[in-house]
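Please load the model in your viewer and keep a selection panel at hand. The stops below are arranged so that each selection leads on to the next.

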Amino acid sequence: MNQRVTLAPSRALKKRYRAEKRFKAYCLGALLLALAFLVLFFADMIRQGHSAFIETELRVPVTYNADTVQFTLESVPEDIAPMVSRAFFRQIPRQVEANPALMNTTETRWVVANSDVDQYRKGYTDSLDADLKASLERMEANGDAAYGFNDGLFFSGDSKIPSNAGLWSAFIGSIYVMLVVLAVSFPIGVATAIYLEEFAPDNRFTQAIEININNLAAVPSILFGLLGLAIFINFFGVPRSSALAGGLTLSLMTLPVIIISTRAALRAVPQNIRQGAQAVGASRWQSVRDHVLPLSLPGILTGTIIGIAQAMGETAPLLLIGMIAYIPDAPTSMTQAATVLPAQIFTWAGMPERAYVSLTAAGILVLLSLLIVLNAAAVLLRNRFERRW
Amino acid sequence: MDTSQTLLVFFGGLLPLAVVAFVLGRRKALIADGQDRRLHSLPAQYGVYVATWMALPALAIGFVAATADLFGLRVPAAPFVLAFALVAAAVGCALALRRVQPTLRARNAIEKFVYWTLFAASLVSILTTLGIILSIAFEALKFFQQVSVWDFVTGTQWSPVATFRPGQDSAASQFGSVPLFAGTFMITAIAMLVAIPTGLFAAIYMSEYASHRVRTIAKPLLEILAGIPTVVYGFFAAITISPLVVEVAQSVGLDASYTNALAPGLVMGIMIIPFISSLSDDVINSIPNSLREGSYALGMTQSETIKKIVLPAAFPGIMAASLLGISRALGETMIVVMAAGLRPNLTWNPLEDMTTVTVRIVDALTGDQSFDSPETLAAFALGLVLFVVTLVLNLVSIIVIRKFRQSYE
């Protein structure tokens, strides 16, 4: 009578459960692999770049007199001179000019070492002359050689002397370019999105515009460079390498990003807001201007910031319109030759000296921090002001 | 007077005039209102009406003058153009002011103006596509006048002879694009081998298995991968992954070049993972739950449901995502410029150096070559092919995604 029912799963079922576990593990593995790439990538950039944020400084007596202004190498003791950055010697005439009281004095001060010494101290190379090694060791023992914060990385422009090279001119160039992008693509992008979401009749032509915008978002960025070269520079005569040319080219790239996100923001505003406005007599444009736009503004701004961040990291089209020129001084107008942060990184990556590898990675860390700040601002803006309906 | 000064005077002058026109228009409407005649629109709308009609003729004249100047036609000196625009503005303002009557439908006129302005803005994106096509096609046509299309498509030798002066003889140049496309497809294939499985499985995990908390953490982390600039990936590929590939190859007795095709391919794959995963994630999420529940009711496990029900249903969308990924990989520039080789090389071995279409475009256009040298023009021909191929991939995937969305709405 009492027949026992086995509840244990059969062998076939066990197999199926094992397959289930395996499949889940593959999926999790793929996700973890992608995240591992991210960790590896950041760890590698920090490993490569952290040392460029500090630089070797040497405490040396600097002599200012008529001779050393002319033959600047003689301003520091003979055995130390080959260790000091050339950028320091270049400044000596200017220092004396700015402060005539320095003339005929000797001052002990911290000066930046050149990249050979710097790279040797940081352990990247071993190729330093034996007597330089000896003097360096002596200075280290006396506390005359130390690490200091590399402010030149942020506050000086590009340079062929690695210890003097910095991101300042590229940073200013990036700001100019982004201003152009914002001025061009924000109004046109928002206007296009309003047209498509609020005004456009549902016909073939509107669909063509929509498909065209989606396609533009996926067109390889280098083709925008060809457009910038052929249309803006060769046809309209915008100066080559200028922030204006770069900004206009990147604007066209950013346009679809802004249009797509603005449309999403407009679509998120419920229909009854529009109906309510129109019920009390507002025209279509009045209801959009006074109700829909203010409500969707956080979403629009978020999309715009993300688009700008994307444009800020873009390099390929800028290569074609000549924005990889050597720019030691920050540009002061839209039509002057300029470079941008990613282009500066690209230029440094191609330099032969070892010191530029660290500089490139440091530049990358700076660029990534800027982009992360921008994107975080966008996310914050969305979380803080976006209304859920 | 240079261009920027002219522009400054033009817009600087137009702005106060517009304010004056606005005040005049509104005042006339308010006077009519004071006489107890019922206005059709708000007084301010009459002001905007007059200001618009003041500004439009001036802007039109400025635009025509600028365009004519661009095409090399004779244009009167800037002060004359400015004066002419000013007169037109005054005439427009006066005419519009005369039309301001209580019965004038200023609001409707503004509405129409706004509509056409917005419409004009939406044409910019069409003009951009047109601009890309025209700018590439013209130069490419010039190229195909010098080099036959057949040689370009089937030739296996790409060896342009550098010409630095216009008109210099370049008969020895060969423009066979096959090795460039071989390199492009090799690197794209490697990238997709990394990106499609990883992206797809990660998307399945996030949409089917992960808890809400894991999802909210993992998704933005993956998006960071998508937000990293390509120049940064290029540096990563050249400085870290390439030497790594060489080392690993050596340890198993293989010879690898430092500009091998494998390293840029792998890194490009990493870059494309988030595109595939976020698009597939959207697609999988849009599959209705009833499908899954039906499958569970029949006793299927979760993975069986995913494999036999969800993925087949989501297949068109996943296909479209992969096509977009391929299009992205084909056109990717910085990674290959920095990490792949410059030598056109027809090979099956990903450890050798290979070059790609985008590398040659950048190389041809950043050198000191004269603009009408065959090599520069060849860059535009390569650009044309790249545009057509990515256009087809993009259109197919856009249309598939649209159809897919509609089928589950």
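The tour goes from confidence and numbering to domains, then to a sheet, and finally to the contact between the chains.

Residues are numbered from 1 along each chain as its sequence is written, while chains are lettered from A and ligands numbered from 1 in the order in which they are written. This is a predicted model, in which local features need pLDDT of at least 70 and side-chain atom pairs count only at pLDDT 80 or more, whereas totals for chains, interfaces and linings use all residues.

**Confidence**

For the complex, the predictor gives an ipTM of 0.89 and a pTM of 0.89. Where pLDDT is low, the predicted coordinates should not be read in detail.

**Domains**

Select residues 51–150 of chain A as domain 1 and 168–385 as domain 2, with the bounds coming from an automatic or database domain assignment. Their C-alpha centres lie 44 Å apart, and 8 residues of domain 1 of chain A are in contact with 7 residues of domain 2 of chain A, contact being counted if the C-beta atoms of two residues, placed from the backbone, lie within 7 Å. In chain B, select 3–134 for domain 1 and 174–407 for domain 2; here the centres, taken over C-alpha atoms, are separated by 48 Å.

**A sheet in chain A**

Next, show the open sheet of 3 strands in chain A, whose order is E2-E1-E3 with antiparallel pairing. Strands (E, at least two residues) and helices (H or I, at least four) are DSSP runs numbered from the N terminus, and two strands pair if DSSP finds at least two bridges between them. Because E2 (105–112) and E3 (145–149) of chain A each have a single partner strand, they stand at the edges, and one side of each is left without a neighbour in the sheet.

Select E1 of chain A, residues 54–64, which 5 bridges join to E3(A) in the antiparallel sense. On that side, look for Leu58(A) opposite Ala145(A) and for Glu55(A), whose bridge partner is Gly148(A). Turning to E2(A), E1(A) pairs with that strand over 8 bridges, also antiparallel, and Thr63(A) stands opposite Thr106(A).

**Between the chains**

Now display both chains and select their contact, which takes 70 residues from chain B and 69 residues from chain A. Helix H4 of chain B, residues 106–146, supplies the largest share of the chain B side, 19 residues. By class, that side has 44 nonpolar, 22 polar and 4 charged residues, where Ala, Val, Leu, Ile, Met, Phe, Trp, Tyr, Cys and Pro count as nonpolar, Asp, Glu, Lys and Arg as charged, and the others, Gly among them, as polar.
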